[in-house]
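Here is a friendly briefing to read alongside the model. Please keep the viewer open as you go through the points.

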Amino acid sequence: MRVGVITFPGTLDDRDAARAVNVGGAEAVALWHADADLKNVDAVILPGGFSYGDYLRCGAISRFAPVMNLVIEAAGKGMPVLGICNGFQVLCESHLLPGALTRNSDLHFLCRDQEIEITNTTTAWTSSYSAGEKIVIPLKNGEGSFQCDDETLAQLEGEGRVIARYVGENPNGSRNLIAGISNARGNVVGLMPHPEHAIDTLTGPSAQGLGFFTSILNAMVK
Amino acid sequence: MALDTVAIAETTPDSIQPFAQLGLKPDEYARIKEILGRRPTSSELAMYSVMWSEHCSYKSSKVHLKQFGDKAPKSDALLVGIGENAGVVDVGQGYAVTFKIESHNHPSFVEPYQGAATGVGGIVRDILTMGARPIAVMDPLRFGPADAPDTRRVLPGIVAGVGGYGNCLGLPNIGGEVIFDQTYAGNPLVNALCVGVMKHSDIKLAKAAGAGNLVVLYGAKTGGDGIGGVSVLASETFGAGGSTKRPSVQVGDPFVEKVLIECSLEIFAEDLVVGIQDLGGAGLSCATSELASGGSGGMKVALDKVPLRDPSLSPEEILMSESQERMCAIVEPEKLARFLEICAKWDVTVTAIGEVTDGDRLVITWNDEIIVNVPPRTVAHEGPVYNRPLAQPAYIDEVNAQVVQLPIPHTAAEIKATVLELAGTPNLADKSWVTSQYDKYVQGNTIQSQPDDSGMVRIDEKTHLGVAISTDANANWSYLNPYQGAKLALAEAARNIASAGARPLAVTNCLNFGSPEDPGVMWQFAESVRGLADGCLEMGLPVTGGNVSFYNQTGAVAILPTPVIGVLGVIDDVRTRTPMSFDVAGLDLYLLGDTYADLAGSEWAFMHGQRVGQSPTADLAREMRLIEVLLAGREEKIFSAAHDLSQGGLSAGLTEMVLRNSIGATIALADVGISLLSESPGRVIVAIEPSKTDALSTLAAKHHITLTKLGTTGGDSLTINDAVISLAELRTAHTATFPKLFG
């Protein structure tokens with residue numbers, strides 16, 4: 001199983017995501033934003049960071065990277081795609097996922113250990129978890145407040161596409177405490193907190209983030 | 001303004017030049033004329049003025065700093081010493097680590113966000129320039145009173161700037177300090193440390209060797225920001241007009257720097273450079289003159305080829321600009337094509353602006369006319385040296401003769417009130433409000449970060465080799481006795497990393513002081529340097545580099561002497577570090593070290609407005625024995641936890657330990673007031689399984705370290721004699737302060 005990890009200029013968590021993929025049991029494959037092919041990968045991760053400095057709107061420029069055309073096409077055919085943090089923002093800008101991520105409600109960058117509840121275990125990236133399972137993984141971003149219109153929110157909730165929610169106090173003003181969502185098919189997932197930084201207790205608050213990277217081994221591929 | 005060339009300078013010896021406005025003294029200007037045998041051109045004057053500034057030339061500090069070389073202990077670990085962009089030490093397994101602290105104090109007062117941001121950017125480029133991948137940053141910060149209105153302007157901006165830049169670079173921020181004192185109002189201290197790692201063979205130096213090799217400028221385009229930053233901002237005392245100097249503050253672009261890091265590392269990996277220098281303070285003036293004098297001296301640069309953000313810039317401004325995110329490399333002609341290719345991959349602007357030449361002159365042209373023709377060593381290394389007058393200030397005898405008069409708690413109610421007050425005082429309160437704005441997880445190798453005693457990062461995922469770093473200063477002690485203060489800060493930083501089980505290896509420093517033109521300040525500085533040099537010799541730790549920041553004063557009021565000492569250590573297996581706190585009940589708590597009535601310069605004295613008495617005397621032989629106990633205790637798996645005591649003494653140490661994992665403790669103390677408040681150096685709390693009692697006693701006795709039983713872990717309170725403080729109320733006191741102050 002080959003999982004591509006895309007590096008845009010300004011991507012920061014690419015090495016971490018690759019490490020998590022390898023620890024999870026798949027093979028990480030480095031993809032470059034300007035690549036013209038997906039190197040025969042079975043799934044793709046868009047890691048966190050500040051692609052292109054996030055100067056316009058987070059993810060707004062990366063969405064036009066050559067590799068994204070391939071990702072959008074592959075996602076349409078069912079390839080599992082996971083966007084973490086900045087990657088989630090890129091997926092929203094690419095319209096693979098609805099809504100947008102805006103400035104945290106207190107306007108500060110926030111890095112902390114965050115409890116989230118996994119609320120959908122049928123997606124390509126969450127099947128290793130049990131429904132309602134609570135895990136603690138790092139949350140670290142300046143623009144993590146998930147926003148969408150009422151209609152979209154009702155649709156996401158109605159179709160069970162909220163895949164993870166913050167537990168306790170809302171850390172950033174996200175609607176309905178949303179930490180992550182999926183597309184209708186369940187192959188594309190966006191997640192604000194960072195499971196790749198919670199794969200062992202030596203360097204993370206827990207090893208509970210690993211489930212995202214083992215789930216993919218169970219997913220239908222190609 | 002007409003172009004001033006060497007030819008014109010030769011024929012117009014009597015032109016009036018604005019040397020004083022550029023920060024040069026009349027005798028310095030005379031010396032430049034003597035070196036050149038004519039008046040300098042305006043471009044030469046610009047170069048000399050920035051390179052001979054206090055910030056770049058260390059002209060007031062040099063005579064003292066040479067003690068770090070003269071008294072250097074023998075060390076097999078030192079690979080590159082003082083003088084390069086940053087020192088490099090061997091940490092084993094073929095790895096070399098480079099680390100350094102720099103100040104960005106004045107810019108951060110003028111423009112807090114950009115000042116702090118570019119402080120991080122500058123130190124990161126210094127580390128990158130050595131050939132290393134930057135792996136972590138730390139930021140010791142000092143501000144005016146926590147409740148002062150200006151602190152509410154400066155602190156949030158500086159914290160956001162440190163975070164905004166460091167987070168965007170993908171560098172974990174693993175520690176630092178946040179300290180408040182009246183003397184830092186108007187002069188906040190923003191010190192930034194970076195650490196990087198490389199293989200021994202990858203070390204790069206700033207030298208331009210090999211005639212015909214190309215001088216290649218890459219990174220951001222040059223703009224009008226930060227012109228004269230080192231001479232105007234960093235080397236003068238602020239008057240009332242501080243904020244009007246804003247154009248001298250650089251503006252940072254962390255995205256460009258992140259790309260520059262990755263691009264440079266790819267270039268280094270393919271061995272495409274002969275020498276490399278970053279453009280920081282003094283910009284191109286510094287990079288060209290240092291590279292040239294690091295080699296044989298000859299270099300030719302066509303300044304008109306420098307890519308500009310603002311095409312109206314004059315040659316003088318281009319030479320002085322401190323635009324960020326720029327690097328200058330010396331490249332063999334046959335390697336240029338590959339160099340350009342890598343820059344293109346990363347969309348990095350790159351231009352060959354000159355070449356290394358035979359001879360020993362740095363010649364800079366503007367549209368083929370010669371505007372600079374100087375011996376580069378006279379610009380970069382042979383600036384003025386001052387042996388400034390120094391005199392012990394009158395206050396020293398006066399304050400040393402007094403004795404602190406402080407309330408000492410006795411009853412249960414008094415003990416509880418004291419512990420809670422210390423837990424919540426701004427200097428000791430929980431700093432999460434600050435550190436939660438910094439990414440500590442990126443790169444996935446952070447083992448320890450604030451509030452641990454030291455920051456620790458893994459540098460090899462297979463062997464688990466790691467490094468630990470701590471920065472410390474105790475300005476209250478340095479005020480009472482700068483010689484002892486520097487030694488005590490060194491001891492504390494070393495103890496902080498040894499608490500986790502890492503062996504101290506090397507020292508860096510950031511020496512923050514008032515005006516060197518004040519003999520009293522100069523004496524504080526000289527005493528601090530002497531103390532640090534003596535301390536390093538005694539502890540066997542080489543100084544690998546550092547930074548001096550003078551002129552930290554507003555009007556006649558200087559900051560407290562604040563030598564920030566950074567110690568780096570190595571740990572062979574980060575998995576076996578000793579954690580800072582316990583996570584189970586039923587452990588025994590012991591104090592290693594001796595407690596005396598050391599209240600002078602303590603946090604309790606500060607809280608009562610008293611800065612009098614005599615600082616403790618550093619006993620470095622004992623500190624080294626304590627370090628051996630801490631290292632052996634980790635290796636022999638005796639400790640469940642170890643936590644260094646410093647500001648706030650046992651009261652603060654216990655507070656931090658019980659709150660870390662929400663496991664309480666029951667403590668029995670004789671002479672409870674002094675025991676809780678004393679800040680005697682050389683003390684560490686350790687937690688052990690009761691079965692390890694004999695092993696601990698044997699170990700402490702072997703190294704002649706006093707061992708005192710404190711109590712046991714467990715419960716949901718911190719109980720000291722008959723005072724019961726619930727963890728909930730202790731946590732509230734500890735964590736409420738910063739949100740209340742800063743929103």
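The notes below go from domains to helices, then to the chain contact and the backbone.

This is a predicted model, in which local features need pLDDT of at least 70 and side-chain atom pairs count only at pLDDT 80 or more, while totals for chains, interfaces and linings use all residues. Residues are numbered from 1 along each chain as its sequence is written, and chains are lettered from A and ligands numbered from 1 in the order in which they are written.

**Domains and annotated spans**

- Chain B is divided into domain 1 (25–57 + 204–382) and domain 2 (407–742), with bounds that come from an automatic or database domain assignment.
- The centres of domain 1 and domain 2 of chain B, taken over C-alpha atoms, are 41 Å apart.
- An unreviewed UniProt entry lists "domain: Phosphoribosylformylglycinamidine synthase linker" for residues 20–59 of chain B; UniProt positions are given in the numbering used here, feature names are shortened, and annotations may be inferred rather than shown by experiment.
- Residues 20–59 of chain B are 62% helix and 0% strand, with end C-alpha atoms 17 Å apart; helices (H or I, at least four residues) and strands (E, at least two) are DSSP runs, numbered from the N terminus.
- The unreviewed UniProt entry gives "domain: PurM-like N-terminal" for residues 83–198 and 452–571 of chain B.
- Residues 83–198 of chain B are 39% helix and 38% strand, and their end C-alpha atoms lie 19 Å apart.
- Residues 452–571 of chain B are 38% helix and 35% strand, with 16 Å between the end C-alpha atoms.
- "Domain: PurM-like C-terminal", again from the unreviewed UniProt entry, covers residues 211–366 and 586–716 of chain B.
- Residues 586–716 of chain B are 37% helix and 18% strand, and the end C-alpha atoms are 13 Å apart.

**Helix pairs in chain B**

- Two packed helices are described by the angle between their axes and the distance between the axes.
- Helix H3 (residues 42–51) and helix H11 (residues 283–294) of chain B have axes that come within 9 Å and cross at roughly 85°; axes are lines fitted to C-alpha atoms, for helices over the stretch in contact, and angles run from 0 to 180 degrees between N-to-C directions.
- That angle makes H3(B) roughly perpendicular to H11(B), since angles under 35 degrees count as roughly parallel, over 145 as roughly antiparallel, 65 to 115 as roughly perpendicular and the rest as oblique.
- Ala46(B), Met47(B), Val50(B) and Met51(B) of H3(B) meet Ser285(B), Cys286(B) and Ser289(B) of H11(B); residues are in contact if their C-beta atoms, placed from the backbone, lie within 7 Å.
- The contact of H3(B) with H11(B) has 5 nonpolar, 2 polar and no charged residues, where Ala, Val, Leu, Ile, Met, Phe, Trp, Tyr, Cys and Pro count as nonpolar, Asp, Glu, Lys and Arg as charged, and the others, Gly among them, as polar.
- The axes of helix H7 (residues 112–129) of chain B and H10(B) come within 11 Å and cross at roughly 5°, so the two helices are roughly parallel to each other.
- Gly121(B), Val124(B) and Leu128(B) of H7(B) touch Pro254(B), Glu257(B), Ile261(B) and Ser264(B) of H10(B).

**Contact between the chains**

- The contact takes 23 residues from chain B and 24 residues from chain A.
- H10(B) gives the most to the side of chain B that touches chain A, with 4 residues.
- That side of chain B divides into 9 nonpolar, 9 polar and 5 charged residues.

**Backbone details**

- The peptide bond from Gln450(B) to Pro451(B) is cis, with omega near 10°.
- Tyr58(B), a residue other than glycine, has a positive phi near 55°.
- H20(B) is followed by Gly540(B), whose phi is positive, near 70°.

Key
Two residues are in contact if their C-beta atoms, placed from the backbone, lie within 7 Å.
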